[in-house]
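Subject: Structure handover

Hello,

Here is the structure you are taking over. My notes on it follow below.

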2 protein chains.
Amino acid sequence: MRVEIVAVGTELLLGQIPDTNSQWLGERLAANGISSYFHQHVGDNHERIVLAFRTALARSDAMIVCGGLGPTQDDITRAALAEVMNVPLDRDEALVATIREMFDSRGRVMPDNNLLQADVPRGATIIPQTRGTAPGLICQVGLKVVYAVPGVPYEMSDMFERAILPDLLERQSESGETSVIRSRVLRTWGASESALAESVAERFEALEHGGQVTIAFLASGIEGIKVRLTARGDNDEDAWSLLRDEERTVRALIDEKLGDIIFGVDDQTMEDVIADQLLARGATLAVAESLTGGLIASRLVNVAGASKWFRGGVVSYASQVKFDVLGVPEGPVVSAEAAEAMAVGVRKLLGADYGLSVTGVAGPEEQEGQPAGTVFVGLDLGDQVHHVALRLPGDRPRVRAYSAISALDALRRVLERHEVSPPM
Amino acid sequence: MRVEIVAVGTELLLGQIPDTNSQWLGERLAANGISSYFHQHVGDNHERIVLAFRTALARSDAMIVCGGLGPTQDDITRAALAEVMNVPLDRDEALVATIREMFDSRGRVMPDNNLLQADVPRGATIIPQTRGTAPGLICQVGLKVVYAVPGVPYEMSDMFERAILPDLLERQSESGETSVIRSRVLRTWGASESALAESVAERFEALEHGGQVTIAFLASGIEGIKVRLTARGDNDEDAWSLLRDEERTVRALIDEKLGDIIFGVDDQTMEDVIADQLLARGATLAVAESLTGGLIASRLVNVAGASKWFRGGVVSYASQVKFDVLGVPEGPVVSAEAAEAMAVGVRKLLGADYGLSVTGVAGPEEQEGQPAGTVFVGLDLGDQVHHVALRLPGDRPRVRAYSAISALDALRRVLERHEVSPPM
């Protein structure tokens, strides 16, 4: 079964609202082993909706239409469906009664407009509404099937789980397709997409020529590159077993070629990983930030329970604040020495076990003769002080964002190698 | 000109990432008076990409393709374009040199994979890359035109503004469509979308029945609600004149009903406005943050030239840091008194003219018997100390983000009313 999603609404074309429905449906379909090869957005215009529906039915086995089922003049999905099915719209009196009851039960009078929602293309099956007034529809169009649901995410998701997914799975099993799709994401920081692709190129090629797993690379902006492994198996266990084996192979290849660049899996963020490391040691952290201006601290605070291991930080944007508050020796502040002194200073000032700092040039102008993108990370683990020098690309916001995640990654790597000193 | 947007990437079909590109492009096209009737998503599969391209070229005048221009094996937009154009791919040696230079300048070796990015369908024009390695393409296909840009939003948006939009506007004007659409956005913070809509309801109705300006409300998440005025005129001057008159009318209505909630216009952010206020007074600012954990400081630092007026901040996440570093009296820290003491403390510690602070409960758990969403903002202007008590909705990240912009808005409002003391 290949399902095409068609989201109806001029507001989607104008970019006035994001299309969260297609994303949600895509994820739910994939999780249930149902393929989706195309999505479309189309505005509230009869001819164009009909054209989008015909396009979808020509290239996919099933179509889920979201939106255009409301009670106003621009809700025309029902009429477009009737045209594509080549049938008239009939007013369903049982639906009229249900919609009227819904208004009565809220002590409101049903506007006449809502009668439109009881119009049903002849031959269609109704998906009863439980969360709104617009019923959903299941329409057979030749050998293809169309599901129409309201665009309100809360009503759409209910109808999908209750009526569409069971129907799709039944059709899929009747057609003999019973496989499931599962995926695993490896999160990396510090390598380019092309370097990653090269590190697993041979494996990628081998899988292309007949494997049950595929590898994809997703650039995720300032969050690094994701390597996604997707397996199709006969059942859940089968798919996960394929994924586990593939993950081992791919991790070994990346580790060999590019070193320790995989920091987490699936939805894990860099700060989640650091939270786990700190919790495991019972250690606390303080941060001193110059060019990142609070970005590192605000990422750390996003982890629920951060108060267990995060003391706080100092944003020492002005040089004088570095000297006066953090005890950095007067002199150049874009330097390894300043970064280390900031880490030591903030660790002591805030009474933390570890101190992390970052200083550098966000740009666009150079500073102290150093070009934009020059960044130093300082680390004070109490028993040892480190620094890392970086050269980061991009404009001002990019340099800042890259600096923040790079500093966290530096801490992650050092903590992985750092032996915890025995308590005094 | 009817432009179809085709976003390429299996991750979009699987719902692994939201398609922010189509939304952004849709908004930018609409703002420039260019129609878009259809959007598509398609996965990284040659045949299906070709089919999606042919579908778009059959029903639209132009197509913007996002994604699939990267250096890896699953980046196949170039090859699909060549097939639709019925031309071979040629390797462009000038592009090879540019890409190689880009790697050299970062002190890295170009992986061979990146050579793929120098492959160009014969006859295509190159949009030079300034922010990444993948060049964009402009391809004439019969009477239609195709623009291909990388899927990375930051690279996509740059190429759109620099090359695609000017080209589209030129083609549009050549085709005799000469009316221009201009818009003006009023940025608001602190009122709901329905309250805003109600405040201008009569004007909205009047314009619906025959005006040259339209009013739209765009909820922009944590950045408040935008009120967008759009005017269609015969020329630039005409459209701007309509907009100026309408802006005056709408501002007066909103101000009368809802008070001083318009903080800026168009792309102006809250921190841009504060930067202007501080620069005008020659004053400096320091911030003390608890639940926002650096969000306020990092917003302020995003303004170019922030070093002229921003001293820095303290993220006093642990209560002990509030007491020890900021001199907050021991006691409850989710209180108006603590907020004021934090503002005073950070102003003095960092040697700034003004201090801004925020303390509160991000949730999900309550703290000191106060529910999630309880937030206090403190302000020390040197000659007067204020606080503002807030009750904010949402989960942990929302409460934090709302707290940050609310604190900045409180400072904006106080500074608007605050008379600058004569210098000593």
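A:Val315 has B:Gly313 as its bridge partner in S14(B). Strand S14 (residues 310-315) of chain A and strand S14 (residues 310-315) of chain B run antiparallel and are joined by three bridges. Strands here are DSSP runs of E with at least two residues, helices are runs of H or I with at least four residues, and both are numbered from the N terminus. Two strands pair if DSSP finds at least two bridges between them.

This is a predicted model, in which local features need pLDDT of at least 70 and side-chain atom pairs count only at pLDDT 80 or more, while totals for chains, interfaces and linings use all residues. Residues are numbered from 1 along each chain as its sequence is written, and chains are lettered from A and ligands numbered from 1 in the order in which they are written.

The contact between the chains takes 65 residues from chain A and 68 residues from chain B; two residues are in contact if their C-beta atoms, placed from the backbone, lie within 7 Å. On the side of chain B that touches chain A, 32 residues are nonpolar, 27 polar and nine charged.

Twelve strands form an open sheet with mixed pairing, in the order S6(A)-S7(A)-S8(A)-S3(A)-S1(A)-S2(A)-S2(B)-S1(B)-S3(B)-S8(B)-S7(B)-S6(B). Strand S6 (125-127) of chain A and strand S6 (125-127) of chain B stand at the edges with a single partner strand each, so one side of each has no neighbour in the sheet. From one strand to the next, the twist averages 20 degrees. Within chain B, strand S7 (residues 136-141) and strand S8 (residues 144-149) run antiparallel and are joined by five bridges. B:Ile138 has B:Tyr147 in S8(B) as its bridge partner.

Helix H4 (residues 77-85) of chain B lies across strands S1 (3-8), S3 (62-66), S7 and S8 of chain B, at about 15 degrees to S7(B). Such angles run from 0 to 180 degrees between N-to-C directions, with axes fitted to C-alpha atoms, for helices over the stretch in contact. Among the buried residues of H4(B) are B:Leu81 and B:Val84. A residue is buried if 20 or more other C-beta atoms lie within 10 Å of its own, exposed if 12 or fewer, and partly exposed in between, with C-beta atoms placed from the backbone. Just after H4(B), B:Asn86 takes a positive phi of about 60 degrees.

A:Phe38 is in strand S2 of chain A and counts as buried because it has 24 C-beta neighbours inside 10 Å. Beyond four places in sequence, A:Phe38 touches residues including A:Glu4, A:Arg59, B:Gln40 and B:His41. A:Glu366, in the loop between strand S15 (354-360) and strand S16 (374-380) of chain A, is partly exposed, with 13 other C-beta atoms within 10 Å.

Finally, the cores. A nonpolar core is a set of buried Ala, Val, Leu, Ile, Met, Phe, Trp, Tyr and Cys residues joined through C-beta atoms within 7 Å. The largest one has 163 residues, of which A:Val346 and B:Val346 touch the most other members. Helix H14 (residues 396-417) of chain B gives the largest share of this core, ten residues. A second, separate core has 98 residues, including A:Leu25 and B:Leu57.

Regards

Methods. Ala, Val, Leu, Ile, Met, Phe, Trp, Tyr, Cys and Pro count as nonpolar, Asp, Glu, Lys and Arg as charged, and the others, Gly among them, as polar.
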